[in-house]
Structure formats: structure tokens, C-alpha cells
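Dear colleague,

Please find below the structure I would like to hand over to you.

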Number of protein chains: 2
Amino acid sequence: MEAAEIHFADRGFEGTSVRDIAETAGVNLAMINYYFGSKEKLMEAMFARRSAYMTLQLETILANREMGPMEKLETLVDQYINRLLNQPCFHRIMIREQMMNSNHMITEQILQMKRTNSNLTRALIAEGQEAGVFRQNVDMGLLMATLVGTVGHIVSTQHFYREMNDLGEMTEDEFRNHIRGKLSSHIKAIFKAILSNED
Amino acid sequence: MEAAEIHFADRGFEGTSVRDIAETAGVNLAMINYYFGSKEKLMEAMFARRSAYMTLQLETILANREMGPMEKLETLVDQYINRLLNQPCFHRIMIREQMMNSNHMITEQILQMKRTNSNLTRALIAEGQEAGVFRQNVDMGLLMATLVGTVGHIVSTQHFYREMNDLGEMTEDEFRNHIRGKLSSHIKAIFKAILSNED
DNA sequence: TTGTTTAAATCAAACATTTGTTTAGTTTTG
DNA sequence: CAAAACTAAACAAATGTTTGATTTAAACAA
């Protein structure tokens, strides 16, 4: 699954052959169909594995009684950024898969994930509105699109961001930490500007 | 090229066969190689055609002497949104192609486009900073990522945004206009919050 | 400790499609 | 008539998948 993830991430599902996956995984070609049934089911297994932890994280934040709404939202932002930076391959696949309706099972899985996530987030925002710290009339879809879109775009076009800011000599790790901080404060500033009820 | 665009947009380059393109275009299979040379060159031709107008638009704004920096930036935002909403297929292809390094020619073409665009935008921001209306220390890469990422994400996952906001019964056109307005004010608000020098 | 058995794991090879591309011939057009 | 436009058919390569044989590993009995 890890080998598949790497290839799917930078050649796409249709762009990678089962032979490529088998080779980098160091296993015989037939083993993939033996264990997963098909190339498609391999990807489904990959998705099932990865998306398991996602919702859990969000629920834990929401249940926390020591954080205020804005603090929760900021934690949510940081967690999302971390998740993307830690599993860039999987997220690149997800971003791409979201925009193609090829595999029903997977689009459905993504949709389900987004539904629960947006319900939880909606609850969080409502909590903040009742507490009077969040503005009314918030378009949550746009807000989430800004989070997911901005972070996803940076992660999937790192090379360009590096070139643009002369960060070419940073190691992978250095850059990850650098961009983590930048993204975090950038998105938080946006969220605060759009949500905060202080003007 | 239009037939190719449609297919590339929702199955990906590797996911669509030359036969599919030929069929929806209503031409003989061999014609595609006859006129374009190869499947890959067909895509390159597509990119060349579409990206021709892009930079021009931006240059026209920048040269305008009647608009202030913030007004120019807002026009830029609206133009980008309009471009994406008017050619959603092409932009979905571009978004996807940006994150795969399969075709050298095309990644180079996209990179070039981004370079000139970001140089022009950088000039615009510098203009605003000198005029004192824009804050110093602006991370233009993040700002552009927010524009491109947010709009791109909404366009490529329309169906989800519709479901989330109960807009399922809108026609394609109605939704396009609806989301155009929403996106426009959302992004402008963000830009103003991050750039504006008023606090 | 032995040898035997059995099911799972692994493999190389083959299979049937699909793929992008080319060819050789036909039709159309100026 | 000649060049361009077009076509059906064929081609070679790559693809996902299956097959049938072989190896491994564990369970079991003597």
C-alpha cells in the first residue's frame, strides 16, 4: 500500500502500472491481485486505512472542555496542516481523486468523510456563535475550501513555492517545518479575520 | 481540443484514450495523430491555446492608471474567478497537471505562466506598499495559494459544496453566478484583511 | 526427532484487452 | 491531376488479471 501511495501520488491512479507498484514494493506482480483482488481494490484498501484516524482527531477536539471555540478552531487548523505535511502522498491522491468521478467507492468514501467533518465543524462554529465570539452568517463551505484549498495547493506545488521564495537549498524537513509555521499563521489570520466578532 | 479537454478534465490524461476523444469529437481515430502528432502533443496544443490570453489580461490591469492598487487587486481576483468558472475543464486539468511531473513540456509551461503572473502580481503589491495602502512583509506565495487553492477547490468539488448548502436544484448557470459572487467577496475580504494597512 | 500432509504463499508465464501509433489505400478538394 | 484530407485495418507495446506449478510453513502422527 505504501508503494502504491507513492506512485499514485505522482503519476495518478491510471498513470501507474501494477508492475511499477510490485517492483518498488519488492514483491511479485501476482501478489497484488492475490492479496487485494485488483488494482482498484488496492486503492480502496489504502483509503480505508488512511481515513480511519481522520474523523477521530476532529471529534477529540470538539469534545474538549478546556478550549474556547477559537482555540479549538486553531487546533483544527494546525492538525489539518500537520496531517497534510505528514502524509503528503495520500493527500495528493485524495485531492486528485476528489475531482474525478472515476471510482464510485472512493468518491463516496471521500464524500462521507467530508460530510462528517463538516458536520463537526459546523457544530464548532455554532458553539462559537452562541458564545458570541464568532460572527453570524458564516459560509462554512468557503472557509473550509480556503483551508483545504490553500494548504493542498501549497503541498502539491511545493517546488514552485520554493523557487519563488529562494528556498531551494532547504532540505525536505527544513522546508516542511518552515511552511508549517507560515501556513499556520496565515490560515489562522484568515479565520480570525472572517470569523471573529470584534469590529 | 475541446473534446480532449472534457475528457482530460474528468478522467485525467492517462485515464482517457485517444479513441474516446475521437468519438466525442466525431472524427476518425487517425486524425488526431495526423493533425497533432501524438496524444501528448494534443494536450500541449490545448495548453498553448488556453494560456495565450492569460498573461495578457493581467498585464492590462497592471498598466491601468485609473485604478488604485487595491482596486487592481480586486479586479485581478474577479478575473481569476471568472476565468476558472468559464473554463472549468481546462483549469481542472491544470490543477491536476501541476501536481504530477509527468509531462515536462507542460509543467514547464505552467511554471512559466506562474512565474510571469507572480512577477506581475509582485509588482502590483510593491506599488501598493509604496503608496502606503498595503502592509509590509506580505507573503505573496501564500496569498496566491489562497486565491488559486480556494477557487480551484470549490470549482473541482462543486457537487459537495452544492450538497452542503442545499443548492442541488440550481441549474449550472445559476450556481455559477451564485458561487461567483460568494467567492468574489470571500477572497476580497481575505485579501483586504491580510494586505490592508489600516490597523 | 522424524517423515508426511495440507493449505497458504509465491512465482514465472501466459492471457486477453486496451493502448497509442502507423500504414496503405481511398476520397475529396482546389 | 496532385496534394491534402480522411479512413479502416493492422501493429507493437503495455496493461490488469489469471493460471498452473512450485515453494514454504505449520500441523500432525509415528
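DNA strand C is surrounded by 15 residues, of which Tyr35(A), Val18(B), Arg19(B), Ser38(B) and Lys39(B) are the closest; a residue is taken as near a strand if one of its heavy atoms lies within 4 Å of it. Of the atoms of DNA strand C that come within 4 Å of the protein, 50% are accounted for by sugar and phosphate.

Please bear in mind that this is a predicted model, in which local features need pLDDT of at least 70 and side-chain atom pairs count only at pLDDT 80 or more, whereas totals for chains, interfaces and linings use all residues. Residues are numbered from 1 along each chain as its sequence is written, chains are lettered from A and ligands numbered from 1 in the order in which they are written, and side-chain values use heavy atoms, with hydrogens and water left out.

From chain B, a polar backbone atom of Val18(B) lies 2.8 Å from a phosphate oxygen, and a polar backbone atom of Thr16(B) lies 3.3 Å from a phosphate oxygen.

As for secondary structure (helices being DSSP runs of H or I, at least four residues, numbered from the N terminus), helix 3 of chain A gives the most to the surface near DNA strand C, with 4 residues. Helix 2 (18-25) and helix 3 of chain B, like helix 3 of chain A, each supply at least two residues. By class, this surface has 7 nonpolar, 5 polar and 3 charged residues, where Ala, Val, Leu, Ile, Met, Phe, Trp, Tyr, Cys and Pro count as nonpolar, Asp, Glu, Lys and Arg as charged, and the others, Gly among them, as polar.

Turning to DNA strand D, 15 residues lie around it, and Val18(A), Arg19(A), Lys39(A), Met31(B) and Tyr35(B) come nearest. Phosphate oxygens of DNA strand D lie 3.3 Å from a polar backbone atom of Thr16(A), 3.2 Å from a polar side-chain atom of Asn33(A) and 3.1 Å from an N or O atom in the side chain of Asn28(B). Here helix 3 of chain B gives the most to the surface, with 4 residues.

Yours sincerely

Key:
A polar contact is a pair of N or O atoms within 3.5 Å; within protein, one must be able to donate a hydrogen and the other to accept it, and residues adjacent in sequence count only if both atoms are side-chain atoms.
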